[in-house]
Amino acid sequence: LFLRIGGTGSSRSRCLRFSLRHKPAPGAYPVSEVVDLVGIVALEARKGRRPALEEGAVWGMPALRAGVPAPPGLREARLRRRTERAAAALARAGVRRVLAAEDFPLWPVLEAAGLRPVETEPFCQAMAVPLALAALRRARILRAQATVALAGQRVSRPLFAAAEALCPQVRRLVVDVPGEGEELAAWLREEYGAAVLPPGTAADVTACFGPAGGESGDAVLRLYGPAPQLDGLRLLPEEGTLPPGLAPLPLLALLWECGRLRPEQIRIFPA
């Protein structure tokens, strides 16, 4: 896919040869078309052997909760069997994605039943700019004096968007992407007059969109993989509260995905 920047015949028109995969923006479709029935698995300190299923909602999203009896002292083998029953019941009900506590220990049991966690990588990469700026604020570094690096294996759509949004806001930008990064850096210099420095330059904050050699700096945001690492930053909705007992990041990712929360409605705090 070629991305043409600038008007036809313009001296600033150029094609960037980036593989930008199309993905509908969050909120582009009605919630029912984006989010299927979501499951919740909770370990409960109560007696009993069978999981209890209960219909409900999380921030207005339909959810099916499976409470698994897990009294203190329960043997691991029994806990696994009870979790297997809960996972099978959720799968029969049409659940495909599940929310759970941050320290939930039995994801392999859920995955064996065809259930999976909510992916957080797209959400974290969409939040790359506010996360980088929050890391600068935490370090008390002014934007006008800051150097921010963007690193990855390719110029993805989120990395391109972050570069375009950041270059007018910080003093220096580093694009550390093998091959494609040089073309993006040249375009940023031409389009915005941005000070884009070569890979390997020391940065105050590095936002990584994939495994890369440039994962260095005072603050490193690893915005990829099944468990992104946000360097001690945590995200919360500006208004309202999240239900207790659920890992916040997957829930926020789900709310963002279905358009119930926009990036500007999310606040970032040091952990």
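**A walk through the predicted fold**

W187 is buried, with a relative accessible area of 2%; buried means under 20%, exposed over 50% and partly exposed in between, using a 1.4 Å probe and protein chains only. This is a predicted model, where local features need pLDDT of at least 70 and side-chain atom pairs count only at pLDDT 80 or more, while totals for chains, interfaces and linings use all residues. Residues are numbered from 1 along each chain as its sequence is written, and side-chain values use heavy atoms, with hydrogens and water left out.

Let us stay with the aromatic rings for a moment. Rings of Phe, Tyr and Trp (its six-membered ring) pair if their centres lie within 6.5 Å, with planes under 30 degrees apart called stacked, over 60 edge-to-face and the rest tilted. By this rule there are four aromatic pairs. One of them joins F123 and W256, a tilted pair with 5.8 Å from centre to centre and 50° between the planes. The pair links distant parts of the chain, with F123 in helix 4 (residues 121–126) and W256 in helix 8 (residues 248–257), 133 residues apart. Helices (H or I, at least four residues) and strands (E, at least two) are DSSP runs, numbered from the N terminus. Both F123 and W256 are buried. W187 pairs with Y192: the ring centres are 5.8 Å apart and the planes stand at 90°, so this pair is edge-to-face. Y192 counts as partly exposed because its relative accessibility is 37%.

Now turn to strand 8 (147–151). Five of its five residues are buried. In a regular strand the side chains alternate between the two faces of the sheet. Here both faces are covered, with T147, A149 and A151 on one side and V148 and L150 on the other. Which strands pair with strand 8? Strand 9 (residues 172–176) does so in the parallel sense over five bridges, and strand 11 (residues 205–208) is also parallel to strand 8, over four bridges; two strands pair if DSSP finds at least two bridges between them. L150 stands opposite V175 in strand 9, while A149 has T206 in strand 11 as its bridge partner.

S156 is buried, at 8% relative accessible area. Although S156 and G210 are 54 residues apart in sequence, their C-alpha atoms are 9.7 Å apart in space. Helix 6 also meets helix 5 (residues 128–138): their axes, lines fitted to C-alpha atoms over the stretch in contact, come within 9 Å and cross at roughly 50°.

Five strands form an open sheet with mixed pairing, in the order 4-5-3-6-7. Strand 4 (52–58) and strand 7 (116–117) are at the edges with a single partner strand each, so one side of each has no neighbour in the sheet. Within the sheet, strand 3 (residues 38–44) and strand 5 (residues 61–69) pair in the parallel sense over seven bridges, and V38 stands opposite A63 in strand 5.

Technical notes: Axes are lines fitted to C-alpha atoms, for helices over the stretch in contact, and angles run from 0 to 180 degrees between N-to-C directions.
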